[in-house]
Amino acid sequence: MTQSALLPTATLFVTGGAGFIGSALVRYLIGETQYRVVNIDKLNYAGNLASLSSIDQDSRYSFEQVDISDGRELARLFRQYQPAGVLNLAAETHVDRSIDGPAPFIETNIVGTFKLLEAARAHWQTLTGQAKDAFRFVHISTDEVFGSLGKDGFFTETTPYDPRSPYSASKASSDMLVRAWQHTFGLPTLVTNCSNNYGPYQFPEKLIPTVILKASQGEAIPVYGTGDNVRDWLYVDDHVRGLVAVLERGQVGQTYNIGGHNERSNLDVVHTICDILSDLRPEGGDYRKLINFVTDRPGHDKRYAIDPAKIQGELDWNPQETFDTGIRKTVAWYLDNQAWLDAILSGDYRLERLGTSLGTSV
């Protein structure tokens with residue numbers, strides 16, 4: 001295990017830092033390290049600066065509302081802040097939205113990653129000595145690039161890519177670009193592929209927050225198909241600790257899978273949330289009665305499961321939360337933070353079903 005040459009007070013770029021995982025990473029970096037952090041986010045529908053209210057007055061934190069597809073603005077930011085590292089979380093992430101309209105996924109996840117790589121490479125080439133050796137570009141991806149597993153086995157760092165949705169195809173493309181910039185130009189990049197994240201501040205279009213909100217409001221809980229699709233769940237704070245481990249101790253050119261060894265079927269997840277709500281809000285009655293099975297989405301992968309042995313063995317990372325402890329914390333957080341939710345639900349998103357139109361976007 002090698003130790004990074006990053007200075008403890010180095011400046012880091014976190015792109016997509018107003019999103020779910022990005023904001024958790026920014027909060028961790030400001031709260032638990034001495035790094036200076038520049039949050040770069042265009043603030044699309046899922047970007048929410050309220051998720052950073054606990055640290056946004058810290059002198060080590062800066063925010064720049066910039067789209068990573070804007071090469072001119074990226075060049076300005078690299079000149080202005082002279083970062084020692086980049087953690088790229090800027091992405092369109094929702095499979096259902098990618099079915100309804102793939103264009104933003106191509107623009108941000110592929111073109112945006114290309115523009116960010118080029119801006120980082122231009123900056124890196126101006127560095128010398130230890131500063132050049134220490135620079136890192138960490139690209140955060142997903143297990144969905146691997147496609148679907150059968151009943152057995154796990155995704156490893158050598159599993160062939162087999163993306164099945166516009167979202168996963170766009171992320172697979174971005175991963176390949178990052179690796180190409182390392183092999184071709186020598187840019188010191190690393191790639192991470194994570195399992196499904198959950199936790200506080202997640203935009204309520206994803207499964208867990210949708211179930212919590214629907215159930216707590218006494219509304220029908222939509223479950224795709226028969227609910228037997230399996231995902232490997234990772235508490236978001238465990239994920240961000242893994243990302244910092246990769247930044248500081250990962251080997252350039254390597255890929256690290258970050259997973260929690262918490263496989264659950266979607267129906268099991270829904271049942272667990274309903275049972276926690278019955279405990280925390282017993283006045284709501286039997287929440288399981290709200291479950292409503294709906295038509296499955298197109299191309300719904302059957303099972304994901306990550307083998308995190310590499311990051312555990314090489315970088316000494318292990319998840320601190322089990323699914324049972326993490327999901328209870330998550331449900332309690334949503335119940336206790338209605339103001340944060342109201343601010344989101346007062347906008348365009350109304351917890352409606354997405355990903356059924358098979359429409360086009362141009």
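Tutor: A pocket is an open set of grid points where a 1.4 Å probe fits, with protein on both sides within 12 Å along at least five of seven lines. The model under discussion is predicted.

Student: How much space lies in the second largest pocket, and how many nonpolar, polar and charged residues line it?

Tutor: The lining includes Leu6, Ala10, Gln82, Ala84 and Ala134. By class, nine of the lining residues are nonpolar, three are polar and none is charged. The space in this second largest pocket comes to about 190 Å³.

Student: Where does Ala84 lie, and what separation in Å is found between the C-alpha atoms of Ala84 and Leu12?

Tutor: Ala84 belongs to the loop between helix 2 and strand 4 (85-88). Neighbours within four places in sequence aside, Ala84 is in contact with Leu6, Ala10, Thr11, Ala134, Phe135 and Arg136. Leu12 is 72 residues from Ala84 along the chain, yet their C-alpha atoms are separated by 5.9 Å.

Student: Is Ser69 buried or exposed, and with which residues is Ser69 in contact, leaving aside its neighbours within four places in sequence?

Tutor: Ser69 sits in the loop between strand 3 (61-64) and helix 2 (71-81). Its relative accessible area is 13%, and because buried means under 20%, Ser69 is buried. Beyond its neighbours within four places in sequence, the contacts of Ser69 are Glu107, Thr108, Val111, Gly112 and Lys115.

Student: In what order do the three strands of the open sheet stand, and what is the average twist from one strand to the next?

Tutor: The order is 7-9-11, with mixed pairing. Strand 7 (196-198) and strand 11 (263-265) are the edge strands, since each pairs on one side only. From one strand to the next, the twist averages 50°.

Student: Which residues of strand 9 are the bridge partners of Tyr198 and, across the other pairing, of Ser265?

Tutor: Strand 7 and strand 9 (residues 230-235) run parallel and are joined by three bridges, whereas strand 9 and strand 11 pair in the antiparallel sense, also over three bridges. The partner of Tyr198 is Tyr235, and that of Ser265 is Val230.

Student: Why is strand 9 described as largely enclosed, and which of its residues point the same way as Asp232?

Tutor: Six of the six residues of strand 9 are buried, so this strand is largely enclosed by the rest of the structure. In a regular strand the side chains alternate between the two faces of the sheet.

Student: What are the phi values of Leu43 and Tyr201, and is each residue buried or partly exposed?

Tutor: Most residues other than glycine have a negative phi. Leu43, in the loop between strand 2 (36-40) and strand 3, and Tyr201, in the loop between strand 7 and helix 7 (207-216), have positive values. Leu43 is partly exposed at 26% relative accessibility, whereas Tyr201 is buried at 18%. Phi is about 60° for Leu43 and near 70° for Tyr201.

How values were computed
Residues are numbered from 1 along each chain as its sequence is written. This is a predicted model: local features need pLDDT of at least 70, side-chain atom pairs count only at pLDDT 80 or more; totals for chains, interfaces and linings use all residues. Side-chain values use heavy atoms; hydrogens and water are left out. On a 1 Å grid over the protein atoms alone, a cavity is a set of points where a 1.4 Å probe fits but cannot get out, and a pocket is an open set with protein on both sides within 12 Å along at least five of seven lines; lining residues have an atom within 4 Å of a point. Grid points are joined across faces, edges and corners, and a volume is the space filled by probe spheres set on the points. Ala, Val, Leu, Ile, Met, Phe, Trp, Tyr, Cys and Pro count as nonpolar, Asp, Glu, Lys and Arg as charged, and the others, Gly among them, as polar. Helices (H or I, at least four residues) and strands (E, at least two) are DSSP runs, numbered from the N terminus. Buried means under 20% relative accessible area, exposed over 50%, partly exposed in between (1.4 Å probe, protein chains only). Contact means heavy atoms within 4.5 Å. Two strands pair if DSSP finds at least two bridges between them. Axes are lines fitted to C-alpha atoms, for helices over the stretch in contact, and angles run from 0 to 180 degrees between N-to-C directions.
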